[in-house]
Amino acid sequence: MNKNIEKEYKVLLTKEQFEKLLSNYPNAVFKTQCNTYYDTDTHCIQKKKGAMRIRQFNDKFIFTLKMHSNDGLLEFEKEVNENSLNAFQDVEIQSLLDKFHINGNLIELTTLCTQRATIETEFAEICFDISSYNGCTDYEIEYEYKKEHDGLSIFQDILKDVHITYTSNCKSKIQRALESF
């Protein structure tokens, strides 16, 4: 199982702002990924301000658990065979859920599909996301660290074209999807 500390900046944009920023990257190619979010029937993960999903892209399924810690947002990932409750029977996943005291019946919360274009740089990935969920569509840009550097200044420079100043991260995709009901 892969483990890392996630560090990213992200903001929601209007469609017009999104298209203007995207025009700076004419070779961007969009790929579809669908996230199905899960929790216990008592919302144990949400109460801990975490998130759990299985992401499907191409023919792969990636389990992800994100949990807050003193070091930042811990992200655990593992490829699984399917997007269903059966995937959580995996021994490593069960051990991880036990470690974070995530107990109870698991349920599917919602599904969110994203068209994502990823621009690779030496220090980060710049992700352009068009997400659809529960009849809603939103536009987001994310700046995800690959290694430590002054990413905030770079992200601010990217946003200048649409007259936005980054102040804090927007709500997560799962939060937006769940609040759309």
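This briefing walks through the sheet, the helices packed on it, the salt bridges and the aromatic pairs. The model is predicted, so local features need pLDDT of at least 70 and side-chain atom pairs count only at pLDDT 80 or more, while totals for chains, interfaces and linings use all residues. Residues are numbered from 1 along each chain as its sequence is written, and side-chain values use heavy atoms, with hydrogens and water left out.

**The sheet**

- Nine strands make an open, antiparallel sheet, in the order β1-β6-β5-β4-β3-β7-β8-β9-β2.
- Strands here are DSSP runs of E with at least two residues, helices are runs of H or I with at least four, and both are numbered from the N terminus; two strands pair if DSSP finds at least two bridges between them.
- At the edges sit β1 (2–6) and β2 (8–13), each pairing on one side only.
- From one strand to the next, the twist averages 30 degrees.
- Eight bridges join β7 (residues 106–120) to β8 (residues 124–133) in the antiparallel sense, and Ala 117 has Phe 128 as its bridge partner in β8.

**Helices on the sheet**

- Helix α1 (residues 15–22) lies across β2, β3 (30–40), β8 and β9 (136–145), at about 150 degrees to β8.
- Helix α4 (residues 151–160) lies across β2, β8 and β9, and runs at about 140 degrees to β9.
- For these, contact means heavy atoms within 4.5 Å; axes are lines fitted to C-alpha atoms, for helices over the stretch in contact, with angles from 0 to 180 degrees between N-to-C directions.

**Salt bridges**

- The whole structure has 18 salt bridges (a side-chain nitrogen of Lys or Arg within 4 Å of a carboxyl oxygen of Asp or Glu).
- Glu 148 and Lys 7 meet at 3.1 Å, N to O; Glu 148 is in the loop between β9 and α4 and Lys 7 in the loop between β1 and β2, 141 residues apart.
- Glu 148 is exposed at 59% relative accessibility, and Lys 7 is partly exposed at 34% (buried is under 20% relative accessible area, exposed over 50%, partly exposed in between, using a 1.4 Å probe and protein chains only).
- Asp 90 and Lys 78 form a salt bridge at 2.9 Å, N to O; Asp 90 is in the loop between β6 (72–80) and α3 (91–99) and Lys 78 is in β6, so the pair ties together parts 12 residues apart in sequence.
- Asp 90 is partly exposed at 23%, whereas Lys 78 is buried at 17%.
- Glu 144 and Arg 116 meet at 3.9 Å, N to O, and both are buried.
- Shared partners join Arg 116, Asp 129, Asp 138, Glu 140, Glu 142, Glu 144, Lys 173 and Arg 176 into one salt-bridge network.

**Aromatic pairs**

- A search of the whole structure turns up 13 aromatic pairs (rings of Phe, Tyr and Trp, its six-membered ring, with centres within 6.5 Å; planes under 30 degrees apart are stacked, over 60 edge-to-face, the rest tilted).
- Tyr 9 and Tyr 145 have ring centres 5.8 Å apart and planes at 65 degrees, so they pair edge-to-face; Tyr 9 is in β2 and Tyr 145 in β9, 136 residues apart.
- Phe 18 and Phe 128 are edge-to-face too, at 5.7 Å centre to centre with 80 degrees between planes; that pair links α1 to β8, 110 residues apart, and both residues are buried.
- Tyr 9, Tyr 143, Tyr 145, Phe 155 and Tyr 166 make up one aromatic cluster.
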